[in-house]
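Here's a quick tour for anyone meeting this structure for the first time.

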Amino acid sequence: MQLLFEDDQFLVVNKERGLLSVATHPGSTQQTVFSILKAYERRKNPRNGVYVIHRLDRETSGVLVWAKNPKMQQYMRTYWHELVQERTYIAVVEGLLEQKEGTIRTWLTEDKHNCVTYSSPYDDGGALSITHYKVLKESSVHCASSIVNQAVSLVELHLETGRTNQIRVHMASIGHPIVGDRKYGHGNTDSPVDRLCLHAQTLAFIHPVTEQPVRFTSPVPRSFRTLLSRS
């Protein structure tokens with residue numbers, strides 16, 4: 001995990017895939033982004049803490065921001081949509097998209113008991129969720145049975161809303177699940193990269209104290225380009 005930025009209010013990190021943002025169970029001793037940053041802060045002062053603003057899935061890598069005090073945590077959570085100017089993800093998805101640019105607009109319902117999110121094209125009581133996408137690069141098609149030996153696409157995604165598993169569910173809903181997605185896609189069948197191919201590339205927001213825009217970026221994982229280069 002790489003520290004990208006730090007001031008009196010925030011810590012911004014580049015999270016590697018496979019690392020939880022926070023523990024899934026109270027009292028867990030599992031290493032997480034939270035536990036690493038908490039130890040980092042308490043080495044400076046035993047009274048310091050870190051506070052969750054948003055999260056990334058365990059298998060998603062990229063930019064993640066944390067507050068250094070509960071007041072800033074609450075402020076960022078309350079005014080998130082007003083403060084955030086850009087939230088861009090990069091993904092490798094299965095197949096070639098017929099429309100190279102577009103918007104996915106569905107209603108998502110989270111089933112917390114089964115840890116899965118469902119998508120509906122009409123308002124069924126779920127939360128309206130909007131994802132904008134653009135194809136950046138495509139592989140050529142191979143005649144083979146495994147997912148990664150067929151066509152894949154590198155896609156840039158911009159979140160207008162931020163629901164649980166939104167990008168993963170939305171891409172699966174249009175027939176192009178993210179490569180490596182065990183929950184909404186075909187998993188890592190014969191994949192040369194053992195991961196979910198989803199990366200939080202850019203996060204930009206207005207700093208509440210300085211009132212100036214700040215922007216943080218993480219490079220696209222090399223393994224994503226490996227998949228495209230197999231074409």
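On a 1 Å grid over the protein atoms alone, a cavity is a set of points where a 1.4 Å probe fits but cannot get out, while a pocket is an open set with protein on both sides within 12 Å along at least five of seven lines; lining residues have an atom within 4 Å of a point. Grid points are joined across faces, edges and corners, and a volume is the space filled by probe spheres set on the points. This is a predicted model, where local features need pLDDT of at least 70 and side-chain atom pairs count only at pLDDT 80 or more, though totals for chains, interfaces and linings use all residues. Residues are numbered from 1 along each chain as its sequence is written, and side-chain values use heavy atoms, with hydrogens and water left out.

**The cavity**

- Searching the whole structure turns up 1 cavity of 30 Å³ or more, and the space in the largest cavity comes to about 30 Å³.
- Its lining is made of His54, Val63, Arg87, Thr88, Tyr89, Ala200, Thr202 and Leu203.
- At least two lining residues each come from strand 5 and strand 10 (198-206); helices (H or I, at least four residues) and strands (E, at least two) are DSSP runs, numbered from the N terminus.
- The cavity lining has 4 nonpolar, 3 polar and 1 charged residues, where Ala, Val, Leu, Ile, Met, Phe, Trp, Tyr, Cys and Pro count as nonpolar, Asp, Glu, Lys and Arg as charged, and the others, Gly among them, as polar.

**The pockets**

- The largest pocket has a volume of about 1,300 Å³.
- There are 40 residues lining the largest pocket, and Arg55, Leu56, Asp57, Thr164 and Asn165 lie nearest its centre.
- Helix 4 is the top contributor to that lining, with 3 residues.
- Sorted by class, the lining of the largest pocket has 13 nonpolar, 13 polar and 14 charged residues.
- The second largest pocket holds about 150 Å³ of space, and strand 5 gives the most to its lining, with 4 residues.
- Among the residues lining the second largest pocket are Trp80, His81, His158 and Gly162.

**The cores**

- A nonpolar core is a set of buried Ala, Val, Leu, Ile, Met, Phe, Trp, Tyr and Cys residues joined through side-chain atoms within 4.5 Å; buried means under 20% relative accessible area, exposed over 50%, partly exposed in between (1.4 Å probe, protein chains only).
- The largest nonpolar core has 38 residues, and Trp66, Val92 and Ile178 touch the most other members.
- A second, separate core has 15 residues, including Val63, Val65, Leu83 and Val84.
- Setting aside neighbours within four places in sequence, Ile178 is in contact (heavy atoms within 4.5 Å) with residues including Val92, Ile167, Met171 and Leu196.

**Two residues up close**

- Thr117 sits in strand 7 and counts as buried because its relative accessibility is 6%.
- A polar atom of the Thr117 side chain lies 3.4 Å from the backbone oxygen of Thr164.
- Trp107, in strand 6, counts as buried because its relative accessibility is 16%.
- Trp107 and Leu128 are 21 residues apart along the chain, yet their C-alpha atoms are separated by 4.4 Å.
- Beyond residues up to four places away in sequence, Trp107 touches several others, among them Tyr118, Pro121, Tyr122 and Leu128.

Notes: A polar contact is a pair of N or O atoms within 3.5 Å; within protein, one must be able to donate a hydrogen and the other to accept it, and residues adjacent in sequence count only if both atoms are side-chain atoms.
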